[in-house]
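Hi everyone, thanks for coming. Let me put today's structure up on the screen, and then we can walk through it together.

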Amino acid sequence: MKPIRHVVSVSGGKDSTATLLLALERVPREQIVAIFCDTGNEIPVTHRYLDDLGRHLGVRIHRLKADFSAEIAAKRSFIARDQRTKREYQRVPVLDVYGNPVPSKDSQGRIRYRTVVRKGIEQQEIVPKMQKAQGKKVRWSSKAKRRALAVLHPTGNPFLDLCLWKGRFPSRMAQFCTEELKRNIAVAFQLDLIDRGFPVVSWQGIRRDESPNRRNAKRMERIGPRLWAFRPLVDWTAQQTVDFVRSQDCPLNPLYSQGQSRVGCVCINTNKQGLAQTAYRYPEEIDRIEDWEWLVGQVSKRGFSTFMCDADDRKDRRAIFADLNIRARVEWAKGDNGTMDLFDHLELPTCASSFGLCE
Ligand code: SF4
């Protein structure tokens with residue numbers, strides 16, 4: 001059997017850097033394969049950091065990129081053929097055997113009432129139970145088709161191409177970016193190694209205290225034939241990770257020193273401070289996202305899409321866009337908490353890290 005390949009996914013963040021350092025300590029260097037899934041949405045500082053990290057550790061970091069040209073070609077023909085994509089239903093009251101409306105009930109079996117105003121008098125009436133009737137398929141309008149087909153071409157940027165294919169940006173509820181741009185690409189790389197006869201251990205920089213989803217993460221897990229996951233940091237804290245990386249004299253992504261809690265992508269889940277910091281230090285990234293919002297809006301049926309909080313289910317997409325487009329979000333981020341004002345009085349680089357990186 002061929003020797004094990006230890007695949008370490010490096011993201012530019014502290015946890016994956018610590019994981020790579022541990023791998024270099026514990027297994028022969030020639031068996032380590034470091035990979036980075038390039039989403040196309042990273043602040044360039046992260047790419048430079050990865051170059052520095054590879055040089056510092058003497059490790060080649062393989063850059064992997066998703067390609068959605070085939071999906072975009074299929075979507076072009078799908079739109080051009082005017083394929084119907086969604087069904088909308090009318091809702092009608094449910095009637096009993098005598099033809100009377102059936103009341104709607106709550107989870108405890110109590111009849112629901114609502115307040116209505118009739119002839120100026122407020123009164124309570126029973127809420128009828130409703131059911132779906134007569135589905136109507138929603139289709140692309142000719143105008144929306146023309147608009148979408150004019151811009152729907154692969155750009156070579158994985159994040160943008162993914163959004164063009166989906167006709168929207170990812171959101172917290174539909175975080176398909178992680179799966180499509182990172183997980184699937186890393187798994188395909190590992191399966192390729194397995195097909196070539198190498199058993200694979202996938203080193204993952206996951207900590208249980210990162211999120212409720214990860215609180216039961218196992219240190220070692222068999223996830224497929226000749227494929228294991230190893231998570232050496234499961235019981236570490238964020239501070240322990242940072243301390244470990246620094247104790248090895250290894251650089252950390254400079255974005256931490258600039259107050260970002262998440263590094264790598266300009267993330268759809270970034271917090272207020274992270275967004276304000278990005279806008280202040282890297283305004284060109286905000287310009288880029290503004291351009292992307294326009295492009296992705298062109299390929300969406302309704303003509304609008306926003307990078308952040310796209311899951312808003314209000315009907316009026318224009319109003320949503322006005323509230324949530326990236327410029328509006330930046331104004332919100334720098335608005336009432338004074339984050340930007342504070343930085344206006346400081347000279348760069350400023351350490352705003354909660355990990356004490358400038359100590
Ligand atoms: S969740 Fe954030 S960091 Fe992860 S791929 Fe999506 S945008 Fe990038």
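I'll start with the ligand, then turn to a helix and finish with one arginine.

A quick word on the source: this is a predicted model, where local features need pLDDT of at least 70, side-chain atom pairs count only at pLDDT 80 or more, and totals for chains, interfaces and linings use all residues. Residues are numbered from 1 along each chain as its sequence is written, and side-chain values use heavy atoms, with hydrogens and water left out.

So, which residues surround the ligand? They are Phe159, Gln175, Cys177, Thr178, Lys182, Cys265, Cys267, Ile268 and Asn269, each with a heavy atom within 4 Å of it. This shell divides into 5 nonpolar residues, 3 polar and 1 charged. Helix 6, residues 176–195, gives the most to the shell, with 3 residues; helices here are DSSP runs of H or I, at least four residues, and strands are runs of E, at least two, numbered from the N terminus.

Now look at helix 10, residues 283–298.

Last stop: Arg112, in the loop between strand 4 (86–93) and strand 5 (113–118). Is Arg112 buried or partly exposed? Arg112 counts as partly exposed because its relative accessibility is 39%, and that class lies between 20% and 50%. Arg112 and Ile126 are 14 residues apart in sequence, yet 6.0 Å apart in space, C-alpha to C-alpha.

Methods:
Nonpolar A, V, L, I, M, F, W, Y, C, P; charged D, E, K, R; others polar. Expected span 1.5 Å × (residues − 1). Buried < 20%, exposed > 50% of the residue type's maximum accessible area, 1.4 Å probe, protein only.
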